[in-house]
Amino acid sequence: MIRIIAPAIATSIQDQGRYGSRRLGFGRSGAMDTASLAAANRAAGAATAAAGVEFGPGMLVIEVTAPGNIAFGGAPRPGAPWWQTVEVQPGDRFELASPPEGMWSYLAVNSGIEAPVVMGSRSASVREGIGSWVAAGAMLEAGNDNAEPETVEALAMSGDVRVYGELSGNWTVGNRVDRMGYQLEGDPVPGGRADLLSEPLVPGCIQVPPNGLPIVLMAEGPTVGGYTLGGVVHSEDLRLVAQSQPGNKLRLARAVET
Amino acid sequence: MSTPEFVVESLGDRALLVRFRAEPSTELTALLAGLAAAAAGLKGVLDTCPGTTTVLIETPDRAEVEAAVPGLMAAVKPAEGALHEIRLTYDGDDFRWVCQHLGMDAEDLIALHSAIPYDVRLLGSPGFVYLSDVPPEIAVPRMDEPRRSVAGGSVGIAGRQSGIYGRPRPGGWRIIGRTAEVPALIPGDRVRFSPQ
């Protein structure tokens, strides 16, 4: 259905994530911005839980090989309509430049993208040995998770990030950002330790190593860790961290306990 | 083992952490593995994971699941893990360094390391197996500068902790040996190293 002519940085197949295999050492993985993938799926005519293509900064070039509906969501890029159903024909070609705002964009197709289901999910987790990065020349086929295309609203790529715990204030997103974690830069947090007993973590946990620069664990973050815990990002706001580019300001606000 | 005291903490808005007031031990590892398995069957629970002294329960229904934990604890059975034998060749990159650091003959290091079974405490991502403590005589500090990549199948020591690298990854543990095959392990299992 879709041929990848040139992948962007960290192009991979993702869905809403892998649950139930954490005790075997396999984390959630899944889309960095699950809400944007879900919205793109709904616009394309795929089930919310279907897999799509996640792509990071840099240019993505694709060619359509079969007629159908597709949709783009996440970090908006020049080169295609965004957040809406796009009817496509064989030979249609899209050249999507790097996003001016945001980091991660999504390509959804009607019926979802086909990929092997591993432990309940189609999400690639290259570091864990599941799936691989999507390379130039890859042919992506549509799956069976179809639904009626819907009208969806654009999601914001920035905003205040609610955090449970002590960590708050203004930070700058550092250069060390990937699917595992985002390092923040600012006034170092004192008291970070590296010798604690290893205990379970989830995406959104903020680790504070001895250098005092917090690391927000993302979709492909480790399942356990032994650094000081500085706080936990609200699950609805983790996508805003994910969509922050290196150098962007990030305001962490106290989450209200419910 | 009498059931140790525990508290239930929130880890953000979609997870609970059941934290036990107890030192790591074989009994605690079996209890945590049993609780993780039992909690996975609760309504509304997405995933669970035992830690060294805690159990993670991922759920959007924190209040309901938290209320169910005491009842679950009263009924939980410690996991009865399987014992796996792992054939280990003691020729890791740090084996000679460890012998020199400890002032110990190779035979003694091998004998001490392979003398006792180890508990599989937890599995880290990607594929790292955290084991229970090595005998105090063979504790060694971790490397000042971690290696960029440690081969899968490597067995290492850091302080009194020991572990198996199931997959290649960076790491700073002192590598004493390697195995051709890491069996599929779950927390609560035990392993015994058989020198080759």
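The legends below describe close-up views of a predicted model.

View 1. Chain B contains 4 helices and 13 strands, and along its principal axes its C-alpha trace spans about 55 × 35 × 25 Å. A compact globule of 196 residues would have a radius of gyration near 16 Å, and the 18 Å of chain B agrees with this. Of the 196 residues of chain B, 46% count as buried, and among contacts in chain B between residues at least 6 apart in sequence, 61% join residues at least 24 apart. The mean pLDDT of chain B is 93, with 99% of its residues at 70 or more; confidence is lowest in strand β11 (residues 169–171) of chain B, at a mean of 82, and highest in strand β4 (residues 54–58) of chain B, at 98. The model as a whole scores ipTM 0.95 and pTM 0.93.

**View 2. The largest nonpolar core, with Val241(A) as one of its members.** This core has 122 residues, of which Ala40(A), Ala108(A), Val109(A), Val216(A), Val241(A) and Ile57(B) touch the most other members. Its largest share, 8 residues, comes from helix α1 (residues 26–39) of chain B. In soluble globular proteins, nonpolar side chains tend to be buried together. When residues up to four places away in sequence are not counted, Val241(A) touches Val161(A), Tyr182(A), Val216(A), Val233(A) and Leu250(A).

View 3. Val129(B) lies in strand β7, which covers residues 128–131 of chain B. Val129(B) counts as buried because 24 other C-beta atoms lie within 10 Å, where 20 or more are required. Leaving aside neighbours within four places in sequence, Val129(B) is in contact with Val120(B), Leu123(B), Gly163(B), Ile164(B), Gly166(B) and Leu185(B). Gly163(B), one of these partners, is 34 residues from Val129(B) along the chain, yet the C-alpha atoms of the two are separated by 5.3 Å.

Methods: Residues numbered from 1 in each chain as written. Chains lettered and ligands numbered in written order. Predicted model: local features only at pLDDT ≥ 70, side-chain atom pairs only at ≥ 80, totals over all residues. pLDDT = per-residue confidence, 0-100. Helix = DSSP H or I, 4+ residues; strand = E, 2+ residues; numbered from the N terminus. Rg over C-alpha atoms; globule rule 2.2 N^0.38 Å. Buried ≥ 20, exposed ≤ 12 C-beta atoms within 10 Å, placed from the backbone. Contact = placed C-beta atoms within 7 Å. Core = buried A, V, L, I, M, F, W, Y, C linked by C-beta atoms within 7 Å.
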